[in-house]
Amino acid sequence: MNILNWLGTLPGAIGQGLVWGIMAVGLYITYKVLQVSDLTVDGSICTGAAVCTVLITNGFNVYVAMLCAFIAGLLAGLITGFLHTFLKIPAILAGILTQLMLWSINLIVMNGKANLALTRFKYGDKVLISAGTENIVMSLIILGAIVAVLIAVLYWFFGTELGMSLRSTGNNLEMSRAQGINTSFTTVFGLALSNGVVAFAGSLLAQQQGAADINMGRGAIVIGLAAIIIGEVLCSKKTMNFSVRLIFVIIGAIIYWIVFQTVIFLGLPSEYLKLLSALVVAIFLGIPHLKTKLQKKKERRA
């Protein structure tokens, strides 16, 4: 392996990691804070990309397009929340149902097209981050700033009364109800916020890839879980600050994409990439269990 050529792939992998890290932060809200398994994200990330791309191609400001993408994600999360809390459909099934709805909605948003290009728009003019390598450094700086602001806002929010109620709902549903918290509202709000962040990541992904594609959300849940789990393995101390945990989720996404990019660089056939993704997640899912098992063995020997 040519080290210099491999190093040349790292900026792209880091950029991908930052965008997918934002998506993973959105997933973290449901998966770790609310303790809800939400599969809506495979559809809402594409919704964010579709809304952002359509608005930019129709002359809207990129910031307005990204805000609308976030709102579209909020609405997607509201649908899942309504199905789960008011119709009592299990969270996984509610997410699948919303994901199926979003497939059609995304096609409608893109006027029946499976792919919409953004590559004709110049960096700094109509798009916020570059779809190529010519402005990769500035794109990384912008993405880093977005990540910092997002983590700061979420850290502030989860310290508010509503944020604490949301965390309480995830920690102990029955006790939260006994304390007078409207757990149906907090669950719906958490699902909406999560998918809003995911759709926002989708708007960045469309700009980064230079297009919105109807299939771009496939496997998003796997990548998001991989980032969360890798971050948790690295951030093993349970006393870690909430913002630090979110930072490690971002780091987990970057590590995932560096590994992914390295395997591609080594020439792994493209048909094996999904298998690789599943294996990476499976390995990191198993690491905490294996560490606990080894620790128990050491304690028995002692």
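The model is predicted, so local features need pLDDT of at least 70 and side-chain atom pairs count only at pLDDT 80 or more, whereas totals for chains, interfaces and linings use all residues. Residues are numbered from 1 along each chain as its sequence is written, and side-chain values use heavy atoms, with hydrogens and water left out.

**Nonpolar core**

- The largest nonpolar core has 81 residues, among which Trp20, Ile22, Met23, Leu154, Phe158, Leu204 and Tyr256 touch the most other members; such a core is a set of buried Ala, Val, Leu, Ile, Met, Phe, Trp, Tyr and Cys residues joined through side-chain atoms within 4.5 Å.
- Elements giving two or more residues to this core include helix H1 (3–33), helix H5 (136–157), helix H8 (183–209) and helix H10 (242–265), and H1 gives the most, with 12 residues; helices are DSSP runs (H or I, at least four residues) numbered from the N terminus.
- Beyond its neighbours within four places in sequence, isoleucine 22 is in contact with Ile146, Val147, Leu150, Val197, Phe200, Ala201, Leu204 and Ile250, where contact means heavy atoms within 4.5 Å.

**Cavity**

- A search of the whole structure finds 1 cavity of 30 Å³ or more, a cavity being a set of points on a 1 Å grid over the protein atoms alone where a 1.4 Å probe fits but cannot get out.
- Its lining, made up of residues with an atom within 4 Å of a point, consists of Tyr28, Ile228, Gly231, Glu232, Cys235, Arg245, Phe248 and Val249, and H9 and H10 are the elements that give two or more residues to it.

**Positive phi**

- Glutamine 35, in the loop between H1 and H2, has a positive phi of about 60° although it is not a glycine, and at 48% relative accessibility it counts as partly exposed, the class between buried (under 20% relative accessible area) and exposed (over 50%), with a 1.4 Å probe and protein chains only.
- Lysine 88, in the loop between H3 and helix H4 (91–109), also has a positive phi, near 60°, and is exposed, with a relative accessible area of 61%.

**Cysteines**

- The count comes to 0 disulfides, a disulfide being a pair of cysteine sulfur atoms within 2.5 Å.
- Cysteine 46, buried at a relative accessible area of 2%, has its closest cysteine sulfur in cysteine 52, 12 Å away and therefore too far for a bond.
- Cysteine 68, partly exposed at 29% relative accessibility, also has its closest cysteine sulfur in cysteine 52, at 9.2 Å, which is too far for a bond.

Methods: 1 Å grid on protein atoms, 1.4 Å probe; cavity = no way out; pocket = protein on both sides within 12 Å on 5 of 7 lines; lining within 4 Å. Points joined across faces, edges and corners; volume = space filled by probe spheres on them.
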